[in-house]
Amino acid sequence: MEKVEIYIEGMVCAGCAKSVHRVLERLGAKDITIDLENKKAIFLIDKRERLLEIKGEVEALGYKVSF
């Protein structure tokens, strides 16, 4: 598994963090930490190729994702 850190613009509340957490979990991420203050998520994934899928799903919630 690989540790990944993504930055999520527009994530401003606990509800936002929970929504992002659910998406990451559904897409197979493990050991997920949502850092609301610094607007980022840190997690483990087994396939780096999933990052584009994760980016698309999180952005579908209305946030902007960068790596």
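Predicted model: local features only at pLDDT ≥ 70, side-chain atom pairs only at ≥ 80, totals over all residues.
Good morning, colleagues. I shall begin with the overall architecture. The chain contains two helices and four strands. In sequence order, these elements are arranged as β-α-β-β-α-β. The radius of gyration is 10 Å, close to the 11 Å that the globule rule gives for 67 residues, so the chain is as compact as a globular protein of that length. Along the principal axes, the C-alpha atoms occupy a box of roughly 30 × 20 × 20 Å.

Of the 67 residues in the chain, 34% are buried. Among contacts with a separation of 6 or more, 61% are made by residues 24 or more positions apart. The accessible surface amounts to about 4,100 Å², and carbon and sulfur atoms contribute 48% of that area. As for charge, the chain has 12 positive and 12 negative charges, and their mean positions lie 2 Å apart.

I turn now to the cysteines. How many disulfides does the structure hold? The count is zero. C13 takes part in no disulfide, and its nearest cysteine sulfur, which belongs to C16, is 3.4 Å away. A disulfide requires sulfur atoms within 2.5 Å, and C16 is likewise in no disulfide, with the sulfur of C13 at 3.4 Å. The surroundings of these residues can be described by accessibility. C13 counts as partly exposed, because its relative accessibility is 35%. C16 counts as buried, because its relative accessibility is 10%.

The backbone also deserves attention. Most residues other than glycine have a negative phi. Which value does phi take at D31? It is near 45°, a positive value in a residue other than glycine. D31 belongs to strand β2, which covers residues 30–35. With a relative accessible area of 61%, D31 is exposed. K39 is not a glycine either, and its phi is positive at about 55°. K39 sits in the loop between β2 and β3, the latter spanning 40–45. At 32% relative accessibility, K39 counts as partly exposed.

Let me move to K40, which lies in strand β3. Is K40 buried or exposed? K40 is buried, since its relative accessible area is 15% and the limit for a buried residue is under 20%. Setting aside residues up to four places away in sequence, K40 touches E5, I6, Y7, I8, M11, T33, I34 and D35. Of these partners, T33, I34 and D35 fall in the range 30–35 of strand β2.

Where is Y63 placed? It is in the loop between α2, residues 50–60, and β4, residues 64–66. Y63 is buried, with a relative accessible area of 12%. Beyond its neighbours within four places in sequence, Y63 is in contact with I8, E9, G10, M11, C16, V20 and V58. One of these partners is C16, the cysteine with 10% relative accessibility that counts as buried.

Thank you for your attention.

Definitions and conventions
Residues numbered from 1 in each chain as written. Heavy atoms only, no water. Rg over C-alpha atoms; globule rule 2.2 N^0.38 Å. Buried < 20%, exposed > 50% of the residue type's maximum accessible area, 1.4 Å probe, protein only. Contact = heavy atoms within 4.5 Å. Areas by Shrake-Rupley, 256 points an atom, 1.4 Å probe, with all protein chains shown as cover. Lys, Arg positive; Asp, Glu negative; His and termini not counted. Charge placed at Lys NZ, Arg CZ, Asp CG, Glu CD.
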